Amino acid sequence: MITQRIDTCIRDWRWKEAVFLVLGVVICIAAYWGGKRLVDHLSLPIIALTERAHQVIQQNYEEASGPSGLKNTCTETIMLTEAFDQMVGTIRKQMEELKKKMEMSRKLYDLEIEHMQTKMTLYRTETCLMQSLLSPHFLFNCLTTLSSLAFIEEAHQTEEYSIRLAKYFRQLLDRIGKTITVEEE
């Protein structure tokens, strides 16, 4: 009897041990599965937000501001995602404005350079024109004045030579850029 009772107790103990073992395994599996779901629920939105931040670093604003695809997340991650989307929108808008301003600055700079080059060309042309007009005009005025003084003073030889010199200079001016033979000289 005692042996029978001991055998019954041992069977009961082994049965309880098996039940506790199975129950322990089921509890461990449930705890693992529940813990994994909790961790995924908390970490997947953060991982997705991190990947989107990496897209911003790579300047892929379209991919960074796209829908996250995560629903049923906690309030804090929803707030973080919304703030991140606003930040990406602001950055994209500012980058577009900056690009437009840089393009306008470049165009303005090009126009200023072109304007300065045009002014320089105009000043050079005006200077050359004034020099070309002034030199012959001044020279012929001087020779005409000498010829008139010689006529007034009745210095006919001086008058004749000043007229000849004026003719010579006129011929020289007419022949600028042309080949002159020794015989003509």
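A salt bridge is a side-chain nitrogen of Lys or Arg within 4 Å of a carboxyl oxygen of Asp or Glu. The structure holds five of them. This is a predicted model, in which local features need pLDDT of at least 70, side-chain atom pairs count only at pLDDT 80 or more, and totals for chains, interfaces and linings use all residues. Residues are numbered from 1 along each chain as its sequence is written, and side-chain values use heavy atoms, with hydrogens and water left out.

Start with helix α1, residues 2-57. Helices here are DSSP runs of H or I with at least four residues, numbered from the N terminus. The expected span of a helix is 1.5 Å times one less than its number of residues. Just after α1, Gln-59 takes a positive phi of about 65°.

Some of α1 is hidden. Buried means under 20% relative accessible area, exposed means over 50%, and partly exposed lies in between (1.4 Å probe, protein chains only). Pro-45, Ala-48, Leu-49, Arg-52, Gln-55 and Val-56 are buried in α1.

Now turn to the charged pairs. Lys-36 and Asp-40 form a salt bridge at 2.9 Å, N to O. Both sit in α1, four residues apart, about one turn of the helix. Lys-36 has 41% relative accessibility, so this residue counts as partly exposed. Asp-40, at 26%, is partly exposed as well.

Arg-52 and Asp-85 meet at 2.1 Å, N to O. This pair links distant parts of the chain, with Arg-52 in α1 and Asp-85 in α3, 33 residues apart. Arg-52 counts as buried because its relative accessibility is 7%. Asp-85, at 29%, counts as partly exposed.

Salt bridges that share partners join Glu-103, Arg-106 and Asp-110 into one network.

Next comes the nonpolar interior. A nonpolar core is a set of buried Ala, Val, Leu, Ile, Met, Phe, Trp, Tyr and Cys residues joined through side-chain atoms within 4.5 Å. The largest has five residues: Leu-49, Val-56, Tyr-61, Phe-84 and Val-88. Helices α1 and α3 are the elements that give two or more residues to this core.

Tyr-61 belongs to helix α2, residues 61-64. Its 13% relative accessibility is why Tyr-61 counts as buried. Leaving aside neighbours within four places in sequence, Tyr-61 is in contact (heavy atoms within 4.5 Å) with Val-56, Val-88, Ile-91, Arg-92 and Met-95. Arg-92 is 31 residues away along the chain, yet the two C-alpha atoms are separated by 6.6 Å.

The walk ends at helix α4, residues 156-174, where Glu-159 is found. Glu-159 is buried yet has no salt bridge. Lys and Arg count as positive and Asp and Glu as negative, while His and the chain ends are not counted. The nearest side chain of opposite charge, Lys-167, is 11 Å away. Not counting residues up to four places away in sequence, Glu-159 touches Ser-147, Ala-150 and Phe-151. Leu-149, in helix α3 (residues 75-152), is ten residues from Glu-159 in sequence and 7.9 Å away, C-alpha to C-alpha.
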